[in-house]
Each structure stands twice: as structure tokens, then as C-alpha cells.
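Hi everyone, thanks for coming. Let's bring the structure up on the screen and walk through it together.

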Amino acid sequence: MMVISLSKDVMRIIKDQDVVPFRNRVKEKATKIKMGLVNQTKLITAASELVRNMLKYGNGGEIVIEVVSRGRENGVRLTFKDKGPGIADISLAMKDGYSTGKSLGLGLPGTKRLVSEFDLKSEVGKGTTVMIIKWANG
Amino acid sequence: MSLSISKILQKRKSSVLEKWIQNQLSDEGLRDDLISNDELRASSEELVDILATNLNDTNIEDANSEDFEPVLEIIAGISLTRARQGFSPRETGLFVMGLKDAILSVLQEEMQEDPTSLFRESMKMIKLMDNFSIITFETFIKGREEVILRQTDEIAEISTPVIRVWDGILALPIIGTLDSARTQVVMENLLQEIVQTGSSLAILDISGVPAVDSLVAQHIIKTVSATRLMGAECIISGIRPEIAQTVVHLGIDLSTIITKATLASALKYAFSILKLEVRKTQKEKTTLL
Amino acid sequence: MDRIPILRMGPFLLVTIQVDLYDRLALTLESDLVQMVNKTGARGVLIDISAVEIVDSFMGRIIGNIASMSKILDAETVVVGMQPAVAITLIELGLPLKGVYTALNVERGMQLLRSMIDLDEDQDEDEETDE
């Protein structure tokens with residue numbers, strides 16, 4: 001089924017303090033489509049993980065926040081774009097317990113478990129784009 | 001072109017309606033137990049009316065034209081109500097197809113002298129009505145799906161009752177298979193209730209779960225871990241011998257979880273944690289002596 | 001600069017997090033708290049997160065750090081009041097906060113800390129205050 005975008009916002013994330021307003025914006029969108037509390041928390045946590053990755057490895061970037069719909073379902077789609085170094089081995093990065101930074105190494109696979117759809121594209125030297133969708137009752 | 005469908009339809013609206021209703025009434029499959037003749041007439045009339053108003057020579061070849069939105073709305077409305085009333089898809093489909101027959105026969109009467117245009121216009125009309133029939137079926141199925149979805153939600157809701165068995169002890173008997181959607185509901189209900197009642201112990205009774213595979217075990221472990229994060233403890237009870245066997249055969253590690261064979265023994269354990277004691281009272285039978 | 005207040009309650013320290021933590025604030029809390037444990041010789045740290053809506057892996061790590069650091073300084077850490085949605089999310093994320101004690105609310109957390117500390121102190125001085 002087709003995923004249709006209903007509204008679109010773009011936010012630039014450059015520094016640490018941008019994270020809180022970004023989270024609030026995501027929460028706002030999720031509340032608007034009547035997403036349950038648990039799913040909201042999962043979505044915002046996933047968004048938080050990804051934005052942190054973006055700040056840490058990609059020196060910030062741009063996030064597209066969209067309300068999308070597919071058939072009778074509504075959801076929130078977030079697209080994180082950075083111009084960082086990129087990820088050399090995506091399958092390795094998606095493995096539980098792997099990390100290049102000094103974090104717990106559950107960033108990407110953990111994040112994937114929190115959302116309904118997860119798509120990661122990366123080109124070494126060019127940057128990384130991560131797209132996630134959380135359906136209101138998914 | 002002197003004779004267009006839209007004009008014919010406008011002119012002969014009442015005879016189309018009559019024919020259509022005749023068709024419906026003469027049909028053996030008419031469900032007069034589900035719908036009264038008046039209702040049937042009213043909904044038929046509405047549909048013919050709106051079709052005659054919105055149909056013109058250009059949009060006849062485009063069923064997706066915006067002009068048909070009111071028509072589709074009515075068709076959708078009719079098939080939705082019929083789905084809920086318990087009509088079969090066949091009966092609902094025949095309703096719209098009957099209109100096609102009625103229109104075509106009126107068309108035939110009007111265009112007798114000109115077989116070529118009759119054929120051309122009939123084809124257009126058939127195509128359009130077929131599209132409407134498809135939409136009828138789609139909405140009909142959607143209506144049924146909605147019923148199913150609602151029931152699924154209801155089942156999920158009622159099948160996970162959280163019982164307060166003692167001050168500070170909750171019990172949650174699970175009956176039926178534990179899939180990930182259900183685990184989510186179970187977890188949410190349980191944790192919510194823990195917060196609301198301030199209970200520090202929860203007993204998850206799985207005697208009604210038919211089988212425990214590694215996925216179900218994983219769901220159970222998740223629920224226990226989440227309970228612990230909140231600062232409460234979760235005991236799993238109702239583990240049948242077969243389940244113990246499969247768990248070990250599958251190599252699932254439940255060693256971090258407190259497990260008990262029966263709800264009674266789980267409750268006893270919970271009492272001991274809360275430093276409670278259950279005793280038989282020594283009744284003094286003074287009256288008899 | 002923003003700071004999260006740390007309250008002293010007898011032998012314990014109480015931190016109530018009521019704002020959205022961004023990274024630097026969390027790091028400041030970590031160092032403030034460890035300093036405070038050292039300065040006051042506190043035996044326990046209570047972190048109340050009942051108003052926190054999101055705990056991601058970074059926050060989880062900070063909490064874990066506080067617990068480990070306090071442990072070295074001979075203080076136990078109890079996280080209290082985690083919201084159900086947060087607990088479910090943390091489990092799904094794969095972050096069970098191992099080594100951190102949890103309790104339903106501040107009161108229970110306090111009880112838990114007392115019982116842990118009393119165990120150590122029962123040997124030399126026998127003054128049990130509660131129960």
C-alpha cells in the first residue's frame with residue numbers, strides 16, 4: 001500500500017540543546033494522530049537514539065518530520081540525514097552489541113526494535129540517511 | 001448525439017427505479033428479514049437520484065471522477081450497513097448489479113432504432129457500473145474487517161484481567177496464545193496496575209497458555225524484566241510439566257525468573273516475601289462445652 | 001547553567017528529575033552527584049524518574065554510571081518511579097539497567113535503601129528504627 005505524507009516539517013540539528021525541542025515536536029505529531037503512550041515513548045526514544053548518533057558521528061544534520069498515512073493507518077515518519085563519514089559495514093552496524101563509539105552498542109538494532117519500519121542508507125564519505133516509521137497502533 | 005445516457009437517465013429516472021425495485025423484489029434471495037420494503041425503496045431511490053444528477057457525457061468513462069463522490073459515498077454507506085446487518089457479499093453485490101440491469105433495459109427501450117449507439121452507450125454504462133460493483137465489494141469487506149478489528153481489540157482487552165489478590169499482590173492469568181501484540185497489552189495492563197495499586201508483587205499465571213516456545217518465553221522474560229525495572233517483582237506460575245520439558249529442550253534460560261508450579265504456591269511465596277502468614281484459626285468452641 | 005538539585009535526606013541523597021535531560025545536563029548531574037556522595041558520605045542515592053518520559057541508551061548509561069560510581073564510594077543507588085511506558089521501551093531497546101536497584105516510589109526506595117544499609121550496620125550497632 002502507498003504511504004502518503006500528510007504534513008512535513010524540517011528541523012536542523014547542530015548542537016546538543018536542539019534535541020529537546022526536536023523530541024517535543026515528534027511528541028506533538030504523535031499525539032495529534034492519537035498514538036498510544038507506549039508507542040509514543042518507543043518512537044521518541046528511537047528518535048532520541050538516532051539524533052544522538054547523528055550528532056556524534058555526523059556532526060549534526062537535518063531531520064524531516066512527517067505525518068504519514070497508509071490505508072486506514074496513520075503514523076509518524078522521521079528521516080535523519082547527515083553528511084558524516086557514513087557507515088562502512090551496515091550489516092555489522094545492525095548487529096546487537098556492535099559500536100564504534102563508546103556507547104552501549106545497542107543503538108541501531110535496539111532502535112529498529114522500537115519502530116515499525118526502519119531503513120538505513122549510507123555511503124562512506126558522503127553521509128547516512130535513516131528513515132523510521134511508527135504506526136499509531138503498530 | 002441526441003440520445004445520451006445521462007439525458008435518458010434523467011428522463012426515465014422513475015422507470016429505472018421501478019424496474020430496479022421490481023428486480024430486487026422478484027429476486028428469491030431478497031432478505032425481507034433483514035430489510036423492509038420501505039427501506040429498500042428509500043435507499044434505491046436515493047442512489048438512482050444521485051446517479052442521475054451526477055452522471056454526464058464526459059464523466060461516464062471515468063469512474064474515478066470527482067463527480068461520483070456522492071454516488072460512491074452512498075454505495076459505500078449502503079454496503080457498510082449491509083455488512084453490519086449480516087447480508088452476504090453476494091446479496092450486497094446483486095443490489096448494485098440490479099441497477100445495471102435496470103438502466104440497461106431502459107437504455108434498450110430508448111435506443112431501439114440505433115443499435116450502434118445502444119451498444120456503445122451500453123458498454124460505457126456496464127464499465128461504469130462494474131467499477132461501482134467493485135467498490136461495493138471493497139467497502140463491504142472493509143466493513144467486515146472493521147468488525148473483526150474491533151472484536152480483536154475487545155478480545156485483547158477482556159482476555160487480560162489484572163486481579164488484585166492481596167494488598168500488594170497482583171495476579172494475571174493468561175489464557176490462550178501469547179503473541180507479541182498480546183504481550184504488549186498484557187505488559188501495559190500489568191505495569192499500569194502496578195503503578196496504580198502500588199503493588200510490589202505480580203504473579204503471571206500461564207496455566208492457560210497452550211504451548212511455550214522460545215518466542216513466548218522471550219515475551220515472558222520481557223514482561224518480567226519490565227516489571228523489575230519498575231521496582232516490582234514478577235513470579236511466573238502455572239508451569240505444567242510439558243512446558244518445563246519444552247523449555248529445557250529448547251535451551252531457554254529461565255533461571256533469572258522466579259517460577260512456581262501453581263498459582264497457590266506462587267501466592268504462598270509472595271506472602272513469605274511480604275512477611276505475611278496464613279494460619280488456621282483456633283476456634284474456641286466455648287458454646288458447646 | 002541549568003543544574004538538577006540534589007537534596008540531602010539524612011544518610012541519603014534524593015534527586016528528582018523533572019525536566020527533559022539533554023546530554024550536558026545529564027553529565028553535570030553525574031559529576032555533581034558523585035561529588036555530593038563523596039562530600040556528604042551519603043550511604044544511598046535515590047533517583048526519582050517518575051516525571052521522566054524518555055530514557056534512551058545515553059540516559060540509561062548515565063544512570064548505570066551513577067550507580068557504579070556511587071557503589072565505589074560505598075553508596076547504593078535506587079531508581080524509583082519509572083513509568084510503565086519507559087520500562088517497556090527500555091526492555092525493547094535491550095537495556096535492562098543491570099546492577100541498578102529499582103523501587104515503585106520514593107517511600108519504597110527509602111525502605112529498600114534502609115534495609116540494605118541496616119544489614120551492614122546491624123552488626124555493630126543495634127538500633128533498628130523501622131519495623
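**A walk through the model**

Let me start with confidence in chain B: helix α1 of chain B, residues 5–11, has the lowest mean, 79, while strand β4 of chain B, residues 233–237, has the highest, at 94. Please keep in mind that this is a predicted model. Over the whole of chain B the mean pLDDT is 83, and 95% of the residues reach 70 or more. Chain C averages 85, with 89% of its residues scoring at least 70. In chain C, residues 123–131 fall below 50, and this stretch makes 2 contacts in the model beyond near neighbours in sequence. Where pLDDT is low, the predicted coordinates should not be read in detail. For the model as a whole, ipTM is 0.82 and pTM is 0.72.

Now let's look at the form of chain B. What radius of gyration does chain B have, and what would a compact globule of 289 residues have? Chain B has 33 Å, whereas the globule would be near 19 Å. Along its principal axes, the C-alpha trace of chain B spans about 110 × 55 × 35 Å. Chain B is divided into domain 1, residues 5–153, and domain 2, residues 163–273. The centres of these two domains of chain B, taken over C-alpha atoms, are 54 Å apart. If you count along chain B, you will find 10 helices and 5 strands. Of its 289 residues, 29% count as buried. Take the contacts in chain B with a separation of 6 or more: 76% of them join residues 24 or more positions apart.

Next, how the chains meet. Where chain B touches chain C, 15 residues come from chain B and 14 residues from chain C. On the chain B side, α7 (180–197) and α8 (214–230) are the elements that give two or more residues. Helix α8(B) has the largest share, with 6 residues. By class, this side of chain B has 7 nonpolar, 5 polar and 3 charged residues.

Chain C also touches chain A, and that contact takes 18 residues from chain C and 22 residues from chain A. On the chain C side, α1 (23–40), α2 (57–72) and α3 (84–93) each supply at least two residues. Which of the elements of chain C gives the largest share? That is α3(C), with 6 residues. The residues on this side of chain C divide into 8 nonpolar, 3 polar and 7 charged.

Strands β4 (117–123) and β5 (127–135) of chain A pair in the antiparallel sense over 7 bridges.

Most residues other than glycine have a negative phi. C:Leu97 is not a glycine, yet its phi is positive, about 50 degrees. You can find C:Leu97 in the loop between α3 and β5 (101–103) of chain C. B:Lys275 also has a positive phi, near 60 degrees, and sits in the segment after α10 (263–273) of chain B.

Technical notes:
Residues numbered from 1 in each chain as written. Chains lettered and ligands numbered in written order. Predicted model: local features only at pLDDT ≥ 70, side-chain atom pairs only at ≥ 80, totals over all residues. Contact = placed C-beta atoms within 7 Å. Helix = DSSP H or I, 4+ residues; strand = E, 2+ residues; numbered from the N terminus. Nonpolar A, V, L, I, M, F, W, Y, C, P; charged D, E, K, R; others polar. Rg over C-alpha atoms; globule rule 2.2 N^0.38 Å. Buried ≥ 20, exposed ≤ 12 C-beta atoms within 10 Å, placed from the backbone. Domains from an automatic or database assignment. pLDDT = per-residue confidence, 0-100. Pairing = 2+ DSSP bridges.
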